[in-house]
Amino acid sequence: MASIYDVAKLAGVSKTLVSRVINNQKGVGEKSRQRILDAMEELNYRPNAIARSLVLQRTNIIGVIMDNLCQPFYFDFIKGIEQEIEKSSYEVLFCSARDNVEAKKKYIDFFSQGRTDGFILYGSNVRDHKLIGELEHSQVPMVIVENDVDGLNINNICVDNRYGSEVMMDYLIQQGCRNIYHVTGDLTVKAAIDRMEGYRAALRKNGMECREDMIIPADFTVDGGYRSMAKALEEGMECFPDAIYFGSDATAAGGMIALEEKGFKIPEDVKVAGFDNDSIILPNRQLKRLTTLSQPMFEMGANAVKLLLDDIKDSPEKKKRIIYYPELVVGETT
């Protein structure tokens with residue numbers, strides 16, 4: 001394997017000049033630079049990335065910490081990151097924290113110790129709030145995605161989930177619905193809390209009743225939506241809803257199965273709406289195309305990279321905050 005000394009010998013220059021070319025530094029004449037590049041190509045020389053990062057105090061790597069890398073809902077976000085990174089000289093290292101705050105701390109420590117130039121943290125679990133607050137004073141470039149950190153000077157990309165719920169509720173009310181139930185997402189996650197609060201706010205705004213029994217706790221999974229809806233149907237409802245707004249599309253898919261098993265037709269007997277514009281594929285079952293709310297996941301991933309690379313390059317004192325507003329997508333369930 002060729003070394004920097006071999007390149008210098010073949011090009012007829014000093015090791016220092018070769019090092020300057022490798023690290024894209026000034027002080028090398030154009031003819032010498034070309035001889036060095038030709039020698040590197042002839043010898044198939046590849047610079048030592050670790051040594052180079054020590055010289056430049058840069059790794060040209062960013063880290064991404066997510067709760068789940070395998071869930072299809074996140075694929076567009078990951079694609080946005082990957083396509084934006086391809087435009088730069090950077091590489092990306094993804095980590096799955098499995099919704100565990102201690103794992104997130106471990107990855108943040110790992111990324112912050114000179115192994116990356118900065119990181120993106122995705123997720124909106126309420127348990128993460130203390131950790132994010134502690135990160136405000138860190139010198140490591142970072143972008144927090146999805147967790148709303150209003151009031152902190154941290155690069156932040158988030159979705160206005162409360163606004164999205166109000167848009168959906170306004171639509172259902174315009175459709176003539178007057179008894180709208182809400183099956184929540186995971187209420188340890190701020191996104192689910194905000195969606196529930198948007199539901200409540202929309203009912204109050206329209207002068208409609210909001211009883212606690214109209215809110216059914218669940219999570220963000222198909223199984224969770226099924227179990228919660230089946231239990232509510234089994235126990236009986238004070239007044240059967242004319243619409244049910246679910247905290248996610250996965251939750252809605254499970255709820256629709258439970259409703260159909262009890263003989264209810266969608267949307268004839270009850271209208272159903274979700275959140276996320278997620279493609280839910282279930283074995284041996286075809287569900288109607290859901291009315292939902294769409295988030296620009298690809299754009300969020302791409303802009304997270306742009307924010308982070310800008311922070312790495314210039315380290316602005318005032319960090320940036322980008323808010324996205326979900327858009328209504330009308331399907332067959334309303």
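Analyst: E212 and R200 form a salt bridge, with 3.1 Å between the closest N and O atoms. A salt bridge here is a side-chain nitrogen of Lys or Arg within 4 Å of a carboxyl oxygen of Asp or Glu. The pair links distant parts of the chain, 12 residues apart: R200 sits in helix α9, and E212 in the loop between α9 and β7 (215–216). Helices (H or I, at least four residues) and strands (E, at least two) are DSSP runs, numbered from the N terminus.

This is a predicted model, in which local features need pLDDT of at least 70 and side-chain atom pairs count only at pLDDT 80 or more, while totals for chains, interfaces and linings use all residues. Residues are numbered from 1 along each chain as its sequence is written, and side-chain values use heavy atoms, leaving out hydrogens and water.

Are the two partners buried or exposed? E212 is exposed, at 54% relative accessibility. R200 is buried, at 17%. Buried means under 20% relative accessible area, exposed means over 50%, and partly exposed falls in between, with a 1.4 Å probe and protein chains only.

Now move along α9 to K205. K205 makes a salt bridge with E166, at 3.8 Å from N to O. This pair also links distant parts of the chain: E166 is in helix α8 (residues 161–174), K205 is in helix α9 (residues 190–205), and they are 39 residues apart. K205 also forms a salt bridge with D170, where the closest N and O atoms are 3.1 Å apart. K205 is partly exposed, at 48% relative accessibility. D170 is partly exposed too, at 23%.

These pairs belong to a network. R162, E166, D170 and K205 are linked in it by salt bridges. The structure holds 19 salt bridges in total.

Next, the two helices themselves. Two packed helices are described by the angle between their axes and the distance between the axes. The axes of α8 and α9 come within 7 Å and cross at roughly 40°. That makes α8 oblique to α9. Angles under 35 degrees count as roughly parallel, over 145 as roughly antiparallel, 65 to 115 as roughly perpendicular, and the rest as oblique. Axes are lines fitted to C-alpha atoms, for helices over the stretch in contact, and angles run from 0 to 180 degrees between N-to-C directions. The crossing of α8 and α9 is right-handed. In a right-handed crossing the near helix is turned clockwise from the far one by less than a right angle; in a left-handed one it is turned anticlockwise.

Which residues meet across this pair of helices? From α8 come N161, R162, S165, E166, M169 and D170. From α9 come A191, D194, R195, E197, G198, Y199, A201, A202, L203, R204 and K205. Contact means heavy atoms within 4.5 Å.

What about disulfides? A search of the whole structure finds 0. C177 is in no disulfide, and the nearest cysteine sulfur, in C239, is 12 Å away. The sulfur of C239 has that of C177 as its closest cysteine sulfur, and 12 Å is too far for a bond. A disulfide is a pair of cysteine sulfur atoms within 2.5 Å. C177 is buried, at 2% relative accessible area, whereas C239 is partly exposed, at 41%.

Some backbone details follow. The peptide bond from I266 to P267 is cis, with omega near 5°. P267 lies in the loop between α11 (249–261) and β9 (271–273). N284 has phi near 60°, a positive value in a residue other than glycine. N284 is in the loop between β9 and β10 (292–294) and is exposed, at 85% relative accessible area. S315, another residue that is not glycine, has a positive phi near 45°. Its loop runs between α12 (297–314) and β11 (321–324).

Last, K87. K87 is in the loop between α5 (75–85) and β2 (91–96). K87 is exposed, at 64% relative accessible area.
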